[in-house]
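Here is my note on the model below. Please read it with the coordinates open.

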Amino acid sequence: MRLSDLVEGIAELIRHSAGEGVTIHTDLKAQGWTLCDVNQMENVILNLAINARDAMPGGGTLTIQTRDVALKTPPPDVAEFVPGDYIALVVSDTGEGMREAVRQRALDPFFTTKPQGKGTGLGLSMTFGYVRQSNGYLVIESAPGKGTKVTILMPRHSEDRA
Ligand SMILES: Nc1ncnc2c1ncn2[C@@H]1O[C@H](COP(=O)(O)OP(=O)(O)OP(=O)(O)O)[C@@H](O)[C@H]1O
Ligand SMILES: [Mg+2]
């Protein structure tokens, strides 16, 4: 599957998930292929779009980018890294951002800062689980008032295998 095609295919759903007041930019330059479960990957992107929406109650911009990348060194916070060719899927927002203590716990199951009944705290932990199971990586960069950038790196495969 090409992640760029996958994002294009759910553009309407992304717009719907992000809600009114959020401008969406897409910049889909990755040409490479990756092995993924289409439904799971769609859920990943929609979950990230909903998190972005929740972080921008007053509106803002949600940007979705894809890139082919060749990584020689591990991204921040990543252990057990395998150098090689990856597809980067980057979802960023201009929302409230996270304090460092929140950023460090954001992938924990059931960790949420949302009011009771609003968030289960499972969105990012399930996303992380799926990405790791696919031999990919997930990196969160965020700071209060600076927005949030979530980068997912999925291994690149030749077309016939993907
Ligand atoms: N884009 C973002 N901007 C700011 N904070 C975020 C963002 N994404 C996640 N977070 C923080 O990380 C926490 C965990 O996110 P996660 O998606 O796992 O759970 P949730 O959104 O709270 O609930 P759920 O996804 O299960 O509905 C959030 O409660 C929030 O504090
Ligand atoms: Mg969520």
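1. Terms and basis. Buried means under 20% relative accessible area, exposed over 50%, and partly exposed in between, with a 1.4 Å probe and protein chains only. This is a predicted model: local features need pLDDT of at least 70, side-chain atom pairs count only at pLDDT 80 or more, and totals for chains, interfaces and linings use all residues. Residues are numbered from 1 along each chain as its sequence is written, chains are lettered from A and ligands numbered from 1 in the order in which they are written, and side-chain values use heavy atoms, with hydrogens and water left out.

2. Rings of Phe, Tyr and Trp (its six-membered ring) pair if their centres lie within 6.5 Å; planes under 30 degrees apart are stacked, over 60 edge-to-face, the rest tilted. The whole structure holds 3 aromatic pairs. F81 and Y86 are stacked, at 6.1 Å centre to centre and 25° between the planes. Y86 and Y137 are tilted, at 5.8 Å and 55°. This second pair links distant parts of the chain, with Y86 in strand β3 and Y137 in strand β4, 51 residues apart. Helices (H or I, at least four residues) and strands (E, at least two) are DSSP runs, numbered from the N terminus. Y137 counts as buried because its relative accessibility is 3%. Y86 is buried at 4%, and F81 at 15%. F81, Y86 and Y137 make one aromatic cluster.

3. Strand β3. Of its 10 residues, 8 are buried, so β3 is largely enclosed by the rest of the structure. Strands pair if DSSP finds at least two bridges between them. β3 runs antiparallel to β2 over 10 bridges, and D68 has I87 of β3 as its bridge partner. Another 8 bridges join β3 to β5, again antiparallel. There, S92 stands opposite K149 in β5.

4. Nonpolar cores. A nonpolar core is a set of buried Ala, Val, Leu, Ile, Met, Phe, Trp, Tyr and Cys residues joined through side-chain atoms within 4.5 Å. The largest one has 34 residues, and I14, M41, I45, L62, I64, L89 and I152 have the most contacts inside it. Elements that each supply at least two of its residues include α1 (3-9), α3 (38-55), β2 (60-71) and β3 (84-93). The largest share, 7 residues, comes from α3. A second, separate core of 8 residues includes V78, A88, V90 and L153. Contact means heavy atoms within 4.5 Å. I45 touches L6, V7, I10, I14, I64 and L89, leaving out residues up to four places away in sequence.

5. Helix α2. Its buried residues are I14, S17 and A18. Just after α2, G19 takes a positive phi of about 80°.

6. T127. Where does T127 lie? T127 is in helix α5, residues 123-133. T127 is buried because its relative accessible area is 3%. Its side chain reaches the backbone oxygen of G123 at 2.9 Å, a polar contact (N or O atoms within 3.5 Å; within protein, one must be able to donate a hydrogen and the other to accept it, and residues adjacent in sequence count only if both atoms are side-chain atoms). Beyond residues up to four places away in sequence, T127 touches V44, N47, L138 and I152.
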